[in-house]
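Here is a walk through one protein model and its ligand. Keep the coordinates open and follow along.

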Amino acid sequence: MSNTAILEINGEKHEFPLIVGTENEIGIDIKTLRGVTGGVTTIDPGYKNTGSCESAITFLNGEEGVLRYRGYAIEDLAEKADFLEVAYLLIFGNLPTQEQLDKFHADIKKESVVDDDIKKILDAFPKTAHPMGVLASLTSALTAFNPSSVNVDSEDDMYNAIVKILGKFPVLVAWTMRKKQGLPLNYGSEDLGYVENILKMMFEKPNKPYEQNDILINALDKLLILHADHEQNCSTSTVRIVGSSHAGLFASLSAGISALWGPLHGGANQAVLEMLEGIKEDGGDTKKYMAKAKDKEDPFRLMGFGHRVYKNFDPRAKIIKKAADEVLGDLGVEDPVLDIAKGLAEEALSDDYFVKRKLYPNVDFYSGIIYRAMGIPVEMFTVMFALGRLPGWIAQWREMRLRKEPIGRPRQIYIGENHREFKSINER
Ligand code: ACO
């Protein structure tokens, strides 16, 4: 195979090197394009064909439905690892030894309190505020309380910022939910595991001791692992691009949370459940909604279907569908919404429109059903996604910093007015 690509513009040929990844993906390295062509640029709205970086964190093959973190299959990690091990793996590159994991957990626990003044900021939000907006603001506010988190030239400060956010983020998540529910703000316990603590902080009632439920711990562990990274998606690219300006970790994460909020990205899990409930209230006629989804005059889309990269199946959806059946079975929950979901999935998988466009259920088609069975309010679903994605965002931000990537600054093709003479206001 030749290791260059040739581009001919106006009769002039230019050669560009090919970059080959460890899984034999090929990229054309166009770093010199503008220089050698006198300013020619590429246009790729939505970046469907553009690689923004070289990364050693997550590999996915959308055609074959493969997802691996640092070389490990998502199926193995979801079954055999816990969320904190996966977080360590993503951020530092290898599965931790017991000693490394214990130290990591101990460092995180030391940071699992937030400045009490954060409560004043939380208090200023109306109860009706969407939790994602509140979480983005509080995460950004953490910078003010932890100024050293901005110094990314020191590996120690970077490590401290990482364990700080892993410790404090679950507290902010729990408080965001508790504030909406009018519950007192609480803390976790040093004796509990990372995921156990999240559940304790979210669900503990002020008038009785909190009892752990292993089914919920396992379900949440799995959900968080499945969401932990997904290479250069919208929110991750946002974290990397904000971080590339040398903004600190918390500011970069706050931007990522805002990007995740949208219904075409992380907000899809909330949108899926609202859609399924809407179908149920409308009599449960899935065929009617299938027809709406296919009608180009109708803006309705089947939420939870389709993916920018997976054009065969979403491997996370397979794992999560099984988990949804198990969790609902174990908890003894019978949910008519799950039946509607299964009906829609079956119809879509044998429908020409969906088959031709390679639209399959994605991870968020089923995650909301589990969250609902766990007692998590619908508005918190995207927050739960953020909680899972946190180690991925951190890993990608750290990689970008360690590789000393340049500031992200795309180009454009200008299509506006040519030069115009200025007219004073009474001449217009
Ligand atoms: N329902 C109906 N039709 C759809 C759907 C859908 N969910 N998704 C895509 N299509 C159709 C489009 O109308 C288009 O049809 P056309 O070729 O006749 O014009 C074709 O399939 C391709 O769709 P695009 O929007 O071009 O695909 P893209 O890769 O840009 O979008 C996306 C992917 C945003 C995920 C899209 O499938 C979608 O909107 N899905 C619903 C929202 C959702 O579930 N998002 C979660 C993504 S997963 C995540 O973030 C964790």
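Helices (H or I, at least four residues) and strands (E, at least two) are DSSP runs, numbered from the N terminus. This is a predicted model: local features need pLDDT of at least 70, side-chain atom pairs count only at pLDDT 80 or more, and totals for chains, interfaces and linings use all residues. Residue numbers start from 1 along each chain as its sequence is written, and side-chain values use heavy atoms, with hydrogens and water left out.

Start with a loop. Alanine 129 sits between α5 (118–124) and α6 (131–145). Its relative accessible area is 17%. That makes alanine 129 buried, since buried means under 20%, exposed over 50%, and partly exposed in between (1.4 Å probe, protein chains only). Valine 327 is 198 residues away from alanine 129 along the chain, and their C-alpha atoms are 30 Å apart.

Glutamine 270 belongs to helix α12 (residues 268–281). It counts as buried because its relative accessibility is 12%.

Now the ligand. A residue is near it if one of its heavy atoms lies within 4 Å. The ligand has 21 residues around it, and Arg301, Leu302, Gly304, Phe305 and Tyr353 come nearest. The shell divides into nine nonpolar, five polar and seven charged residues. In this scheme Ala, Val, Leu, Ile, Met, Phe, Trp, Tyr, Cys and Pro count as nonpolar, Asp, Glu, Lys and Arg as charged, and the others, Gly among them, as polar.

Which atoms lie 2.9 Å from a ligand oxygen atom? One is a polar side-chain atom of lysine 296. Another is a backbone N or O atom of glycine 304. For arginine 301, a polar side-chain atom lies 2.7 Å from an oxygen atom of the ligand. Strands β1 (residues 4–9) and β2 (residues 12–20) pair in the antiparallel sense over six bridges; pairing requires at least two bridges found by DSSP. Glutamate 8 stands opposite lysine 13 in β2. The two strands form a hairpin with two residues between them. In that turn, asparagine 10 has a positive phi of about 50°.

How values were computed:
A polar contact is a pair of N or O atoms within 3.5 Å; within protein, one must be able to donate a hydrogen and the other to accept it, and residues adjacent in sequence count only if both atoms are side-chain atoms.
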